[in-house]
Amino acid sequence: MALFMPLVCSETWRKIFPLRWLAAITAFSLLSLMPSKAGAESRWSQGVFPIVQFQGYTSHFGPRAGFSGAGELHTGLDIAAPLGSPVLSWWSGEVVEMINDRACGLGLVMASGDYAHIYCHLQKRFVALGQRVLGGQRLGSVGVTGRTSGPHLHWGIRYRGQWLNPDDILRAMVKHKKTARSFGP
Ligand SMILES: [Zn+2]
């Protein structure tokens, strides 16, 4: 009996082992597909703050009372800056959309992998549709075009179609001390 037991155990182990190995591989590949918060934070820390002459935040991300008084979701962060001062690209990527409408005014959308970032209320644009742009490259200048009461940048970021809170990204940048020279008041 004492001789028989180890045989059973090793036999059972041989049967289970390949399954365990497979389970471990599957779990690992699923994990690597899911964006972890820590992973996202360390990536975000390499971004560039889009404003050079920072004057303050005038509106944060989230629900707010709209111009008409009705509730609306503010899908970005409003950063006040002097009229005509530079607006930089948060990340390297491609200019995928040029905007000129009543809400955004003169604006553009950049695509960087699974991320899309939008810049609104510009005075001038210095890039063209389809152009490849580096992180920190000048996209345009701060303006008062579209629905705005003063010169500021509306900056929004989407990840796979979902709006992110730019505050989270800025916090990651501060945490990793990789902010642009001019960041902060
Ligand atoms: Zn805004």
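## Basis and confidence

The model is predicted, so local features need pLDDT of at least 70 and side-chain atom pairs count only at pLDDT 80 or more, while totals for chains, interfaces and linings use all residues. Residues are numbered from 1 along each chain as its sequence is written, and side-chain values use heavy atoms, with hydrogens and water left out.

The average pLDDT (the predictor's confidence in each residue, from 0 to 100) of the protein chain is 82, and 74% of the residues score at least 70. Where pLDDT is low, the predicted coordinates should not be read in detail.

## Zinc site

The zinc ion is coordinated by His74 through NE2, Asp78 through OD and His154 through ND1, at 2.0 to 2.1 Å. Donors are N, O and S atoms within 2.8 Å of the metal (3.2 Å for Na, K and Ca); water is not among the atoms, so sites may look incomplete. The spacing of the donor residues in sequence is H-x3-D-x75-H. His74, in strand 3 (residues 71-74), and His154, in strand 12, link distant parts of the chain, being 80 residues apart. Helices (H or I, at least four residues) and strands (E, at least two) are DSSP runs, numbered from the N terminus.

Buried means under 20% relative accessible area, exposed over 50%, and partly exposed in between (1.4 Å probe, protein chains only).

Leaving aside neighbours within four places in sequence, His74 is in contact with Ser59, His60, Phe61, Gly62, Arg64 and His154. Its side chain makes polar contacts with the side chains of Ser59, at 3.5 Å, and His154, at 3.2 Å. A polar contact is a pair of N or O atoms within 3.5 Å; within protein, one must be able to donate a hydrogen and the other to accept it, and residues adjacent in sequence count only if both atoms are side-chain atoms. His74 and Asn165 are 91 residues apart in sequence, with 9.8 Å from C-alpha to C-alpha.

## Thr148

Thr148 lies in the loop between strand 11 (138-142) and strand 12 (152-159). This residue is buried, with a relative accessible area of 18%. The Thr148 side chain reaches the backbone oxygen of Gly150 at 2.6 Å.

Conventions
Contact means heavy atoms within 4.5 Å.
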